[in-house]
Amino acid sequence: MNQQPILIAPSVLAADFGHMADAAQLVERSGGDWLHCDVMDGHFVPNLTFGPDMVRALRQATKLPLDVHLMIERADEYITAFIDAGADHITVHVEDAAKHDVARTLALIKARGKRAGLSLNPSTPAEKLLPYLPGLDQVLCMTVNPGFGGQLFMPAVLPKIRQIRDAANSLGLPLDITVDGGINFETGQLCVRAGANALVAGNFLFRHKTLNMTDAIRELRKHAENHD
Ligand code: DX5
Ligand code: ZN
């Protein structure tokens, strides 16, 4: 049983890029907890999105914590720019560890007083992340291959979420475990049952066929809270 409150993080990747400030304000007044910002460089993932200037614009538009997910190579070189732009949480990928010292990057984020996160792709085992656990505020388990919104959730990730939660519990760490990709009522519930407590959702919240953002967030939270 997960005691932590459920957090909902709408992803602006699914918003209208012509009206990003409006999207941020919509999320804030609809009850979102964090605003998830997907930064892609066309190298780490085969897609491009935006950089620190967009984060700065979002910072002007909302008081919500900006949850910045860096899907970029050499994330260490950009930490300062994203923090200066107003990021509150910065998540880097453990797969980039061959290119920079991830522990040092996480320490740099913490030294600036921000929350440090580490993410793993669906095929990356938990063992790659576990050595970094004590220095982390949050872990982001990708439940699709990173790069694009609107993909199908991969249930094979669920045991890994449980493994990370159990490892955090055994160290007494109040870690936020976030899931990202293909999250809806059913998959969100599965993830929370496995030990996640924060749900990123793009298409499901921004492009829901019948529910407005307020109702979609409320229902997603309610389903996640009643996961047993
Ligand atoms: C994908 C991004 C996700 C994306 C999720 O690489 O990291 O944050 O916005 O989108 P949905 O919820 O539509 O799968
Ligand atoms: Zn993301």
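Donors here are N, O and S atoms within 2.8 Å of the metal (3.2 Å for Na, K and Ca), and since water is not among the atoms, sites may look incomplete. Two of them, histidine 69 in strand β3 (residues 66-71) and aspartate 180 in strand β7, link distant parts of the chain, being 111 residues apart. Helices (H or I, at least four residues) and strands (E, at least two) are DSSP runs, numbered from the N terminus.

A word on the ground rules. This is a predicted model, in which local features need pLDDT of at least 70 and side-chain atom pairs count only at pLDDT 80 or more, while totals for chains, interfaces and linings use all residues. Residues are numbered from 1 along each chain as its sequence is written, chains are lettered from A and ligands numbered from 1 in the order in which they are written, and side-chain values use heavy atoms, with hydrogens and water left out.

Back to the metal. The protein donors of the zinc ion (ligand 2) are His36 through NE2, Asp38 through OD, His69 through ND1 and Asp180 through OD, at 2.0 to 2.3 Å. Six donor atoms surround the zinc ion (ligand 2), and because their angles run from 69 to 167°, the arrangement is octahedral. That label asks that, for six donors, opposite ones be over 155 degrees apart and all others between 65 and 115. Ideal angles for six octahedral donors are 90 or 180 degrees. Histidine 69 counts as buried at 0% relative accessibility, and aspartate 180 is buried too, at 8%. Buried means under 20% relative accessible area, exposed over 50%, and partly exposed in between (1.4 Å probe, protein chains only).

Next, have a look at helix α5. Its 13 residues (158-170) should span 18 Å at 1.5 Å a residue, and the end C-alpha atoms are 19 Å apart, so the two agree; the expected span is 1.5 Å times one less than the number of residues. Leu158, Lys160, Ile161, Ile164, Arg165, Ala167 and Ala168 are the buried residues of α5. Their cover includes β5 (115-120), β6 (138-142), β7 (176-180) and α6 (185-194). After α5 comes glycine 172, with a positive phi near 70°.

A salt bridge means a side-chain nitrogen of Lys or Arg within 4 Å of a carboxyl oxygen of Asp or Glu. Because aspartate 166 and arginine 162 are four residues apart in α5, about one helical turn separates them. Both are partly exposed, aspartate 166 at 40% and arginine 162 at 31%.

The structure holds twelve salt bridges. Another joins aspartate 53 and arginine 56 (3.1 Å, N to O), both in helix α2 (residues 52-61) and three residues apart, about one turn. Aspartate 53 is exposed at 60%, whereas arginine 56 is partly exposed at 35%. Arginine 112 and aspartate 84 meet in a salt bridge at 2.9 Å, N to O. Arginine 112 lies in the loop between α4 (102-111) and β5 and aspartate 84 in helix α3 (residues 79-85), so this pair ties together parts 28 residues apart in sequence. Finally, Arg74, Asp76 and Glu77 are linked in a network of salt bridges.

Definitions and conventions
Contact means heavy atoms within 4.5 Å. Four donors count as tetrahedral if all angles lie between 85 and 135 degrees; four count as square planar and six as octahedral if opposite donors are over 155 degrees apart and all others between 65 and 115; anything else is irregular.
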